[in-house]
Amino acid sequence: LSRLALGYRLGTIINLFVLIWAAQIIDRILRPFIDGPWLRHAAVLLILLTENVLFEISTYMVDLLTLPLLLQATLLTLNLDQTQNRLLSLLHIALFLGASAAFKLTNLAVAAPLLVICAVRITFGAQRLPLKQLITTALAMLVLFLAPILPFAVYIYRLTGNPIFPIANG
């Protein structure tokens with residue numbers, strides 16, 4: 001979409017904005033661990049200066065677009081016990097992870113552990129939820145996780161007969 005709107009050369013500018021967004025989230029993740037702003041910003045820069053991230057800036061692949069979604073879900077998972085509204089945080093986590101999986105299915109490698117951590121915290125943690133609220137929260141999270149994935153899965157199923165991996169069809 002950005003290539004259509006901005007042209008071929010300027011269309012990848014969205015990747016720069018995504019990296020700035022990711023840097024802000026990484027800064028918030030590191031804030032409890034690194035007090036000094038200069039040292040924290042240097043750490044953020046070091047994290048973002050990895051080879052693959054710099055390669056992705058000038059491409060039209062969707063890998064970079066999922067980075068802020070996964071980082072925000074990670075930040076919310078880390079701060080789940082300190083948040084004011086845990087239900088809203090859990091729903092945001094599910095939506096962010098579902099959106100990242102909708103972009104690229106391999107993001108489930110990050111989404112699955114984060115969902116397991118959330119499940120353990122609300123089931124066995126110090127602030128565990130009562131059974132009825134646990135079931136309704138889990139169902140709401142499932143709906144929000146599947147909502148971004150479902151449109152493309154239905155489309156690819158109608159096209160190929162396999163909603164997850166269409167190349168595997170006989």
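# Helices, salt bridges and a buried threonine

Me: At 8% relative accessibility, does Arg40 count as buried or exposed?
Reply: In this predicted model, the relative accessibility of Arg40 comes to 8%. The cut-off for a buried residue is under 20% relative accessible area, and because the value for Arg40 is 8%, Arg40 counts as buried.

Me: The pair of Asp27 and Arg40 links distant parts of the chain, so in which helix is Arg40?
Reply: Asp27 and Arg40 form a salt bridge whose closest N and O atoms are 2.6 Å apart.

Me: Is Arg31 buried or partly exposed?
Reply: The side chain of Arg31 meets that of Asp27 in a salt bridge, with 2.7 Å from N to O. Asp27 is buried, with a relative accessible area of 10%, whereas the corresponding value for Arg31 is 41%. Exposed would require over 50% and buried under 20%, and because 41% falls in between, Arg31 is partly exposed.

Me: How many residues apart in sequence are the parts that Arg121 and Asp81 tie together?
Reply: The side chains of Arg121 and Asp81 meet in a salt bridge, at 4.0 Å from N to O. Arg121 lies in helix α7 (residues 108-124), while Asp81 is in the loop between α5 and α6, so the distance in sequence between the parts they tie together is, in residues, 40.

Me: At 33% relative accessibility, what does Asp81 count as?
Reply: Arg121, at 24% relative accessibility, counts as partly exposed. For Asp81 the relative accessibility is 33%, and this lies between the limits of 20% and 50%. Asp81 therefore counts as partly exposed.

Me: Which residues does Thr137 touch, not counting residues up to four places away in sequence?
Reply: Thr137 has its place in helix α8, which covers residues 131-146. It is buried, with a relative accessible area of 2%. Leaving aside residues up to four places away in sequence, Thr137 touches Leu87, Leu90 and Leu129.

Me: How many strands are there in the protein?
Reply: Read along the sequence, the protein follows the pattern α-α-α-α-α-α-α-α-α. The helices number 9, and the number of strands is 0.

Terms used: Residues numbered from 1 in each chain as written. Predicted model: local features only at pLDDT ≥ 70, side-chain atom pairs only at ≥ 80, totals over all residues. Heavy atoms only, no water. Helix = DSSP H or I, 4+ residues; strand = E, 2+ residues; numbered from the N terminus. Buried < 20%, exposed > 50% of the residue type's maximum accessible area, 1.4 Å probe, protein only. Contact = heavy atoms within 4.5 Å.
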